[in-house]
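These are my notebook entries on a single structure, set down in the order in which I looked things up.

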Amino acid sequence: MTAFKSDFLRTLSERGFIHQVSDETGLDDLFRNETVTAYIGFDPTAPSLHAGGLIQIMMLHWMQQTGHRPIALMGGGTGMIGDPSFKDEARKLLTPETIAENISGIKRVFSNYLSFGEGPQDALMVDNAQWLLDINYVAFLRDVGRHFSVNRMLSFDSVKLRLDREQSLSFLEFNYMILQAYDFVELNKRYGCRLQMGGSDQWGNIVNGIDLGHRMGTPQLYALTSPLLTTSSGAKMGKSADGAVWLNPEMLGAYDFWQYWRNTEDADVERFLKLYTKLPLDEIARLGALQGAELNEAKKILATEVTAMLHGRAAADEAAETARKTFEEGTLAETLPTVEVDQAALQDGIGVLTLFVTAGLASSNGEARRHVKGGAVRLNDRPVSDERQAVGLSDVTPEGVIKLSLGKKKHVLLRPV
């Protein structure tokens, strides 16, 4: 491991963020001697980022914490095309209205990790639609396109793998890497940006930007990528059995977000503490060395610290306390996820399968039926063995709710209204 001298690169290296750097010595010297501006681009493909994108946000966070200026670049322009890197087929094209809505949703998360403003170290949020949507195509081809070698572009793994699988790569998608390279040059011109960061799948695109900058007369530009993370069992970060682990609270509440991190595999605890929390490294080493049941305490700390950064300390502590009451005391925690259900319908009785779909514990009656047959369904902590069972007002607990459980860790309260 390179012994970096700058606070930023040393922090990233010690915490496991670095996969590749274009010029380690040059970039280290830059961070030691100047206030550096760097950016990461975020694709507006959904109304929220998911947990897989947290590593990029944390890189921007540490950049600001060590005295530099981060830029979160929203892809309002490039989102009109979609990044083809390592994709087997073209992304579905999004309308400008959908892209604008997605960017609006994505933006809300960043203020939990970055401080925005007008100062030399204050973070910026920029949308590349500002310069990409008004490009004159012929002028762009003459001024920028002439610097690109198609032969070289075809040699990048992100393109080559697609072509090797005999999946067509549209001319539209082929332009993406040119536009991303141009973003780097434009950000240098507007904000003095010297570094682009991203996941390791972006290496080819970032290097393209460095090369374009060299040809168009910018100062030396740099690239830094983070490893593409999977869990120890090979699962993709940010995905759970129930789908994406969204960052926006209206798409995934603090309790469910906390639970995702609480369920971290044993072998990942220390690595995730380094990447996703601000805890000191000596404390992380102590927690990572715990074994057996004690390691569960480290997982709770991981879950609480990650949740506190995103949802706030109060919400994280409440999620931890809800889990403690539910799992350790066996009591009914009022702060469990709650769904309202029509009281009149309960009077007539509602099928247990329907209720599980209503509670979001199953996507269909068929899936709920399979859970019943597998013995995973409980109603007020009692096993449900009859898929035709009706649930009525007599099942409402003294606390005024009905508790539905799937397995040991997923619980939802139904509140009659």
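Entry 1, a glutamate. I looked up Glu305 and found it buried, with a relative accessible area of 18%; buried stands for under 20% relative accessible area, exposed for over 50% and partly exposed for what lies in between, with a 1.4 Å probe and protein chains only. Glu305 belongs to helix 15, residues 293-311, where helices (H or I, at least four residues) and strands (E, at least two) are DSSP runs numbered from the N terminus. With its neighbours within four places in sequence left aside, I find Glu305 in contact with Thr277, Leu279 and Arg313, contact being heavy atoms within 4.5 Å.

I note for the whole notebook that this is a predicted model, in which local features need pLDDT of at least 70 and side-chain atom pairs count only at pLDDT 80 or more, while totals for chains, interfaces and linings use all residues. Residues are numbered from 1 along each chain as its sequence is written, and side-chain values use heavy atoms, with hydrogens and water left out.

I counted 19 helices and 15 strands in the protein chain, whose C-alpha trace spans about 75 × 45 × 40 Å along its principal axes. Of its 417 residues, 49% count as buried. Among the contacts with a separation of 6 or more, 72% are between residues 24 or more positions apart.

How do helix 1 and helix 3 cross? The axes of helix 1 (residues 7-15) and helix 3 (residues 54-65) come within 9 Å and cross at roughly 140°; axes are lines fitted to C-alpha atoms, for helices over the stretch in contact, and angles run from 0 to 180 degrees between N-to-C directions. The two helices are therefore oblique to each other, since angles under 35 degrees count as roughly parallel, over 145 as roughly antiparallel, 65 to 115 as roughly perpendicular and the rest as oblique. On the side of helix 1 the contact is made by Phe8, Thr11, Leu12 and Arg15, and on the side of helix 3 by Met59, Trp62 and Met63.

I also looked up His61, which lies in helix 3 and is buried, at a relative accessible area of 4%. Beyond its neighbours within four places in sequence, His61 is in contact with Tyr113, Leu114, Lys278 and Met309.

I took rings of Phe, Tyr and Trp (its six-membered ring) as paired if their centres lie within 6.5 Å, with planes under 30 degrees apart counted as stacked, over 60 as edge-to-face and the rest as tilted. By this rule the count comes to nine aromatic pairs. One of them is Phe140 with Tyr182, whose ring centres are 5.2 Å apart and whose planes stand at 90°, so the pair is edge-to-face. Phe140 lies in helix 6 (residues 137-143) and Tyr182 in helix 10 (residues 176-191), so the pair ties together parts that are 42 residues apart in sequence. Phe140 is buried at 9% relative accessibility, and Tyr182 is buried with a relative accessible area of 14%.

Trp261 and Phe272 form another edge-to-face pair, at 6.0 Å centre to centre and 80° between the planes. Trp261 is in helix 12 (residues 254-262) and Phe272 in helix 13 (residues 269-276), 11 residues apart, and both residues are buried. I finally noted that ring pairs link Phe257, Tyr260, Trp261, Phe272 and Tyr276 into a cluster.
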